[in-house]
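Subject: Structure handover

Hi there,

Here is the structure I promised to pass on to you.

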Amino acid sequence: MNSLNATDRLRRLLAVIPWVVDRGGASLSEISSYFDYPAEQLVTDLEEVLFMVGVHPFTPDCLVDVFISDGFVEISYADWFRKPLHLSPEEMFRLIVAGKSVSEYLGTDELGSLERGLMKLAAASGSAVEDAVEVNLGIQDRGALEIFKEAQRENRRLTIKYYSYGKNEENSREIDIYRLFADKGHWYAEAYCHKAEGLRIFRLDRVRQVENTDEFYIPNDELLESFGSIKEIFSPKEGTVPSVVLLLPEEEKWVIDEYPHYAAVQEESGDWKVEFPVASPAWLARLLLRLGPNVQLVKAPESLGETFRREVAQSILKGYEEATPQMGQSGVSS
Amino acid sequence: MSKLERLLNLIAALTETSRPITRDGIKEKLPEGTYSDNKESFRRTFERDKEELKNIGIPVIFDEATQGYFVESNELKESGSYLEPDELAALHIAFNLVRIESTGQEDPFLKLGPSSEISKGIQPLTEIPLDPSLNTALTATTEKRMVTFAYKGEKREINPLRVVFNRGRWYLVGYDLDKKAIRNFRVDRIEGKVELGEINSVDSLNQEDLQLNVFPWRYGEESNFKVTMHVEALHAPWIVNYLGENSVKEINTDGSVVIEEEVNDWKSFRSFALTFLDGVKILAPQKCKEDMQAWLRGFL
């Protein structure tokens, strides 16, 4: 951060003063790094501003004492600034959301310090934010998440049976987990897949079976460094996969919010012209069928166009024309 | 005198005093020239300073009786509820693990203090979006204020109960005064401005009433009905786990299952069923089965 305005500097100084006083002093570089306070600005503010601050009648015994020597700062007579600052509802909200998100990831026995910290903050702020907010990162994937967490901690290789949504089939793989994350209500593992010989994303609720192996892996630093933001994972780079252009009526605009797209333009008619990357034909088939026959396929590779859409619909309809399984005939009642 | 110096001296003056001080008293307690001698100009600068202090977490309180100002006493420290180093570190780690969209003004650790135990370059566990209406929804919920807003083209009056992050979206859960039932509203779909009612105008409800309907087909306004469907073996484990064991009506020898699910919004459920392509077949009610076939025929 280069230039801070007066409010940014005030926020930082009010945090720096009690911290330095409590520790009996701190180095300039430490303060600058912990509080994101540019070193030059920090020295100016300590020497030229804080030095002049105090209470009536502003005689030397009523002023803050700042002493800097060899890059080490000591502050005294600054009790006026030791009052803890109130967290604003927004700040409280961000902490509660972060805390509750991580609580979901951690097991209950790992929660101690975080839970205590959150409770103290909630009690001290007198704010009702904690009770008002609920965070669910991913539901119903708890069992697999625990096994994956453990494997990641131990660098243990796993064998999984996985339902591939894109291929609409189940297969077995050996994987080394590199990171776990939650997105849009599901937990995912980014892992090195020995079958694919590369990093792949696995949604935990699609893992049908998971077993520990006796093998361990050494994490590859290059892979670890290649990780981008979670948003990037689900947004393929242009040109890497085929794409289709759809014309969506206004009421189907949710698709733009929901799925990664390269471009979305509203036409004069009010319809949206959107270009979507197609990760797999099965993904496109589902989208087209859900949207309905009136959505126009403006542009698509031959294998993913009108014929493709018609054939997928036909294959499902065929199922309805065949003998429909009747309840209570072939099954065991649950 | 710089603004920074003026604000620091103002905090010191308001903290040092044991009783409220009037505006003129404050002016006298600060070095000469801190505030203008022009009354109106002094008043305006002082009001701006008060606002600034409030924004950074130091509310300056006005006492009617003495017409004076003061800063609240140091309750936190006295109650011994300061954060221990391990608690502060845990909060730091949590804050670093969760990427919450930011306007850049709300780093709570400037107030709580840094921790030496944070590791830089930590991989995020999740990314949480924020929405312009979220703050208002939160204020309404914490201050128990009724809210009015437009949603799906309709005006809604809601007694807010909770804000919930679910499936990657923020929802406001509240009692809909018109529908006389608890409803969930996607915060990013609230249209226009959210109007806030009086503080404490909403009664609390029982916690068990606050169950968020996790399935979108249960959000609808259609009367509730049951849909039965056949799910082939490839998808059966997932769907049973997702909808819950109670939804299973039949388990077949080939691994397929028959599921029964409550639906308030058929269009949404049809969309869900289609995500399984030919792996799911609607069995009943007949009108839903026929609608699904008609929908598919539309593509031919």
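Predicted model: local features only at pLDDT ≥ 70, side-chain atom pairs only at ≥ 80, totals over all residues.

L277(B) is found in the loop between α9 (266-274) and β13 of chain B, and it is partly exposed, because 18 other C-beta atoms lie within 10 Å.

While you are looking at the backbone, there are cis peptide bonds to check. In chain A, H56(A) and P57(A) are joined by a cis bond with omega of about 5 degrees. P57(A) belongs to the loop between α3 (39-49) and β2 (65-69) of chain A. In chain B, the bond from A284(B) to P285(B) is cis as well, its omega near 0 degrees. P285(B) lies in the loop between β13 (280-284) and α10 (286-297) of chain B.

Now for chain A as a whole. Its secondary structure consists of 12 helices and 14 strands. The radius of gyration of chain A is 29 Å, whereas the globule rule gives 20 Å for 334 residues, so the chain is more spread out than a compact globule. Its C-alpha trace spans about 95 × 60 × 40 Å along the principal axes. Of the 334 residues in chain A, 29% count as buried. Among contacts in chain A with a separation of 6 or more, 58% come from residues 24 or more positions apart.

How do the chains meet? On one side, 88 residues of chain B are in contact with 98 residues of chain A. The element of chain B that gives the most to its side is α1(B), with 11 residues. By class, that side of chain B has 46 nonpolar, 24 polar and 18 charged residues.

Helix α1 (residues 3-16) of chain B also packs within its own chain. Its axis and that of helix α3 (residues 39-55) of chain B come within 11 Å and cross at roughly 80 degrees, so α1(B) and α3(B) are roughly perpendicular to each other. L7(B), L10(B) and I11(B) of α1(B) make this contact with D49(B), E52(B) and L53(B) of α3(B). By class, the residues of the contact are 4 nonpolar, no polar and 2 charged.

I11(B) turns up again in the largest nonpolar core, which has 105 residues; L204(A), I11(B) and V163(B) touch the most other members there. Another core, of 33 residues, lies apart from it and includes L284(A), V227(B), C288(B) and L296(B).

Last, a look at F149(B), in strand β5 (residues 147-151) of chain B. F149(B) counts as buried because it has 23 C-beta neighbours inside 10 Å. Leaving out residues up to four places away in sequence, F149(B) touches R156(B), I190(B), G192(B), V194(B) and E195(B). Its C-alpha atom is separated by 6.5 Å from that of K193(B), 44 residues apart along the chain.

Conventions. Residues numbered from 1 in each chain as written. Chains lettered and ligands numbered in written order. Axes fitted to C-alpha atoms, helices over the stretch in contact; angles between N-to-C directions. Helix = DSSP H or I, 4+ residues; strand = E, 2+ residues; numbered from the N terminus. Parallel < 35°, antiparallel > 145°, perpendicular 65-115°, else oblique. Contact = placed C-beta atoms within 7 Å. Nonpolar A, V, L, I, M, F, W, Y, C, P; charged D, E, K, R; others polar. Rg over C-alpha atoms; globule rule 2.2 N^0.38 Å. Buried ≥ 20, exposed ≤ 12 C-beta atoms within 10 Å, placed from the backbone. Core = buried A, V, L, I, M, F, W, Y, C linked by C-beta atoms within 7 Å.
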